[in-house]
Amino acid sequence: MTGWTTPDLCDDHHPDRVSVLQPGLLRGFGGREAFAGPVETVSCFEDNSRVKELGEQPGEGRVLVVDGGGSLRRALLGDLIAARYVENGWAGLVIHGAVRDVEVLRDLDLGVQALAPTPVRTERRGLGDVGVALAFGGVTVRPGQWVYADATGVLVAEGRLDAV
């Protein structure tokens, strides 16, 4: 149990301290239904090179927010990369794009919110930008902000909220 829910956080902090990602945009795929942490960002389109690289770094409870341009043609996260995120202590990923290997993702201790599944992997071309502001789902997400996600929704806050 996390000690918080997104509805409770909205009751306590919306609209002054939290923004709500467009309801219904993302679905949960990871084994950890509720997750929160400081944000790191990646902007990439059908190339998960930077997503893979960040999974090799210590996560320290962070959440990677990925803007894949909403593409459902290629998965930005699969089982092998997700397993590295677990091993390296990341709390989760919020992906404006697709994932694959969903049967394995749901068994990992990792939060994963994404648009949809697809079986097609990316072509790694070394493209993508880390640490940039992202805008999708009606919110802007910047490195250092906090994400709170559960089965009800995804929130973005300027910092850690008192309820956590």
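User: In which sense do E3 and E4 pair, and over how many bridges?

Analyst: E3 and E4 pair in the parallel sense over five bridges, where two strands count as paired if DSSP finds at least two bridges between them. Strands are DSSP runs of E with at least two residues, helices are runs of H or I with at least four, and both are numbered from the N terminus. Valine 42 has valine 66 in E4 as its bridge partner. From E3 the chain crosses through H2 to E4 in a right-handed β-α-β crossover, meaning that with the strands pointing away from the viewer, the path from the first strand over the helix to the second runs clockwise.

User: Before we go on, what kind of model is this?

Analyst: This is a predicted model, in which local features need pLDDT of at least 70 and side-chain atom pairs count only at pLDDT 80 or more, while totals for chains, interfaces and linings use all residues. Residues are numbered from 1 along each chain as its sequence is written, and side-chain values use heavy atoms, with hydrogens and water left out.

User: Back to E3, which other strands does it pair with?

Analyst: E3 pairs in the antiparallel sense with strand E11 (residues 146-149) over four bridges, and phenylalanine 35 stands opposite alanine 149 there. E3 also pairs in the antiparallel sense with strand E8 (residues 129-130), over two bridges, and valine 42 stands opposite valine 130 in E8.

User: Why is E3 described as largely enclosed?

Analyst: Seven of the nine residues of strand E3 (residues 35-43) are buried, so the rest of the structure largely encloses it. Buried means under 20% relative accessible area, exposed means over 50%, and partly exposed lies in between (1.4 Å probe, protein chains only).

User: New topic: how many disulfides are there?

Analyst: A search of the whole structure finds zero disulfides, a disulfide being a pair of cysteine sulfur atoms within 2.5 Å. Cysteine 44 is buried, at 6% relative accessibility, whereas cysteine 10 is partly exposed, with a relative accessible area of 22%.

User: And how many aromatic pairs?

Analyst: The structure holds three aromatic pairs, counted when the ring centres of Phe, Tyr or Trp (its six-membered ring) lie within 6.5 Å, with planes under 30 degrees apart called stacked, over 60 edge-to-face and the rest tilted. Tryptophan 4 and tyrosine 148 form an edge-to-face pair, 5.5 Å centre to centre with 90° between the planes. These two residues are 144 residues apart in the chain, and both are buried.
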